[in-house]
Amino acid sequence: MAIFGRLLDRRTKDHIQKSVTQALGTKRSGRSGILDTLLRYIIIALLFISLIILAVLIIDIAIDGFDVLSSRLGSFLSGTLRSRSVDEGIGIQQGLVGSFWIAVFVAVFAFPIGIAAAIYLEEYAPKNRLTKFIELNIRNLAGVPSVVYGLLGLFIFVKGFDVFLLRNFKSLVGGSSLAAAGLTLSILVLPIVIITAQEALKTIPSIIKEGAYGVGATKWQVIRGQVLPYAAPGILTGTLLSMSRAIGEAAPLILLGAVTGRLGLKAGLFDFYQLQERFTAMPIIITNWTQKQGRDIGFGENAAAAIVVLLFFVLLINATAILLRNYFEKKRA
Amino acid sequence: MNGANNMSDVNNMTDVSDLNGTANSMNGEQEHIFYARDLNIYYGDHHAVADVNLDIYSKEITAFIGPSGCGKTSVLRCYNRMNDLIPIAKVEGTLEYKGLNLYGSQIDPVEVRRRIGMVFQKPNPFPKSIYENVAYGPKVCGMSRNRSELDDIVERSLKRAALWDEVKGRLKSSAFGLSGGQQQRLCIARAIAVDPDVLLMDEPCSSLDPIATTRIEELMDGLKNDYTIIIVTHNMQQAARISDKTAFFTTEENAETGMRTGMLIEFDIAEKIFSNPNDERTENYVTGRFG
Ligand SMILES: Nc1ncnc2c1ncn2[C@@H]1O[C@H](COP(=O)(O)OP(=O)(O)OP(=O)(O)O)[C@@H](O)[C@H]1O
Ligand SMILES: [Mg+2]
């Protein structure tokens with residue numbers, strides 16, 4: 001209050017004072033009032049600090065990448081991996097295509113399986129120790145470092161474990177391939193999808209469910225007609241955020257053998273054959289170019305430009321999530 | 001749905017899982033539609049209701065009265081297997097509907113709830129439009145083949161629930177935009193839209209103004225010709241006014257466990273309960289000298 005005290009003239013102050021005393025009957029006791037205000041300012045300050053750090057980072061990167069993006073955006077988006085930064089054809093097309101397919105894999109595998117698992121756990125699974133144990137472990141899996149998922153993918157898809165079924169996986173995805181990357185990252189985000197979907201499914205008030213059961217709806221009709229529409233905004237936000245997590249991951253892809261140097265392949269966005277071929281992805285390109293800038297300073301600004309592009313797509317997905325959530329929430333109310 | 005109890009049906013008796021059982025009606029005697037013996041309800045370790053013996057008669061209004069926590073809602077929710085939805089709830093004893101064991105293994109609770117509709121203590125409209133709220137039941141039950149049939153059902157149900165005039169211009173708008181009392185009448189419309197045999201009403205008027213309450217009471221009086229109604233109410237005048245029979249429940253504390261268990265004290269025709277009850281506890285309650 002002290003900070004704003006001088007900004008307000010007497011009459012407004014009296015007015016506010018009066019309405020506050022009227023509304024609350026008595027004024028808050030001095031000490032807890034001060035503590036409250038103090039705490040609020042500390043929180044606001046912390047928020048500002050983190051926002052400022054973020055802003056500085058983004059601005060810094062945007063400045064670094066500005067030259068590349070403004071002078072040769074087209075050829076940068078359609079160019080390929082090169083060993084020297086002065087090379088005219090240098091660009092991120094292969095990374096964009098790789099990251100696109102990773103997102104598609106997450107949408108095709110992680111979303112339906114994760115949402116189905118969440119529905120099962122929330123609505124069908126008996127509420128016993130085993131279910132609790134499974135839920136606990138899903139939570140643990142969500143906290144496992146991403147490199148570990150990379151190791152998992154490495155053994156199942158790339159090495160092809162010495163077990164009959166898992167060997168099949170190797171021949172299916174073609175070893176160190178884009179499909180292997182997509183599947184590994186799908187597994188990585190699966191626990192997050194399950195948890196967020198489960199939380200969303202929990203939000204429906206039980207009296208609404210009872211109302212539906214009360215007119216003779218079956219369990220599936222209640223889930224289909226009441227629970228899922230109610231949970232849709234939450235599920236959507238959760239799944240889309242997990243998608244942006246997946247396309248930002250570099251560590252597991254390094255283990256899976258993502259290409260960093262020179263990738264001969266340059267396939268179009270919808271060329272399916274590339275799924276079984278070697279691959280690269282946006283985070284890999286960024287990591288690699290950043291490392292290389294020590295030897296070849298030009299890679300630095302290319303990396304910055306690539307970061308801006310990746311950020312653009314991640315923010316696009318997040319914005320979609322928010323818009324869809326608002327849309328569904330409006331429909332619900 | 002009615003008429004299934006005609007004598008001609010005896011020749012082609014259907015499977016027991018079909019709920020159109022024949023009520024045990026004797027010549028001259030009233031037929032009971034629900035028959036409860038030694039009904040006990042538990043929530044986990046809590047023995048919530050003990051040893052209820054109660055017959056509900058067809059085409060009548062039966063009122064459940066009693067102090068808060070005595071188990072009126074719990075008993076009511078047994079009649080349409082709504083307690084199945086509470087994992088910790090357990091129901092023991094005999095409960096028959098038209099001579100069929102409601103808790104028998106071959107009974108489908110979904111089918112039970114289509115026949116025995118419910119209006120809840122708190123208004124609980126779906127987060128959908130007014131129209132969709134009423135149409136939901138007929139839709140999930142596969143009752144209507146086309147849009148105009150559905151429109152008819154919606155209009156008829158809203159009219160019977162005394163809500164039509166207030167909402168006919170905004171059927172497509174959200175049910176959450178209605179007042180609490182309107183929401184409750186919407187829930188009544190939703191329940192009667194599937195044309196049930198029995199209507200269970202848990203304090204349907206607790207959020208209504210006197211005018212709406214009167215309308216609901218008139219509605220119930222009209223519905224009585226076709227439906228059997230069980231209503232929970234805290235309003236003595238209401239119970240006295242509208243019910244044919246009244247059941248009085250109360251709770252008693254178990255001396256050993258310290259937990260409160262509800263029980264049925266007295267069940268009789270309403271006039272008797274309100275003018276000359278047998279039990280002192282009933283008399284104290286209906287005259288307002290309870291506790
Ligand atoms: N879902 C539940 N879980 C656990 N206990 C419950 C549940 N529902 C009811 N009970 C318990 O059962 C007892 C009877 O509750 P019930 O709701 O049937 O009472 P009631 O007569 O309807 O009360 P009111 O008039 O306040 O609605 C109470 O002691 C209550 O705590
Ligand atoms: Mg109750």
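This is a predicted model: local features need pLDDT of at least 70, side-chain atom pairs count only at pLDDT 80 or more; totals for chains, interfaces and linings use all residues.
Residues are numbered from 1 along each chain as its sequence is written, chains are lettered from A and ligands numbered from 1 in the order in which they are written, and side-chain values use heavy atoms, with hydrogens and water left out.

View 1. Chain A brings 19 residues to the contact and chain B brings 24 residues, where contact means heavy atoms within 4.5 Å. Look for R77(B) and E210(A), whose side chains meet in a salt bridge at 2.8 Å, N to O (a side-chain nitrogen of Lys or Arg within 4 Å of a carboxyl oxygen of Asp or Glu). On the side of chain A that touches chain B, the elements giving two or more residues are α9 (206–214), α10 (219–248) and α13 (298–332) of chain A. Of these, α9(A) supplies the largest share, seven residues. Helices (H or I, at least four residues) and strands (E, at least two) are DSSP runs, numbered from the N terminus.

**View 2. Aromatic pairs in chain A.** Over all chains, a search of the whole structure finds twelve aromatic pairs. One of them joins F100(A) and W101(A) edge-to-face, at 5.6 Å centre to centre and 80 degrees between the planes. Rings of Phe, Tyr and Trp (its six-membered ring) pair if their centres lie within 6.5 Å; planes under 30 degrees apart count as stacked, over 60 as edge-to-face and the rest as tilted. F157(A) and F169(A) are also edge-to-face, because their ring centres are 5.7 Å apart and their planes at 90 degrees. F157(A) lies in helix α6 (residues 146–159) and F169(A) in helix α7 (residues 164–173) of chain A, so this pair ties together parts that are twelve residues apart in sequence. F157(A) is buried at 4% relative accessibility, whereas F169(A) is partly exposed at 31%; buried means under 20% relative accessible area, exposed over 50%, and partly exposed in between (1.4 Å probe, protein chains only).

**View 3. Charges over rings in chain B.** The charged end of K90(B) sits over the ring of Y42(B), 4.9 Å from its centre. R190(B) lies over the face of F126(B), at 4.3 Å from the ring centre. A charge sits over a ring if NZ of Lys or CZ of Arg is within 6 Å of the ring centre and within 35 degrees of the ring normal.

**View 4. Salt bridges within chain B.** R147(B) and D151(B) form a salt bridge, with their closest N and O atoms 3.8 Å apart. Both lie in helix α4 (residues 147–160) of chain B, four residues apart, about one turn of the helix. E166(B) pairs with R215(B) in a salt bridge, the closest N and O atoms being 3.2 Å apart. This pair links distant parts of the chain, with E166(B) in helix α5 (residues 164–167) and R215(B) in helix α7 (residues 210–223) of chain B, 49 residues apart.
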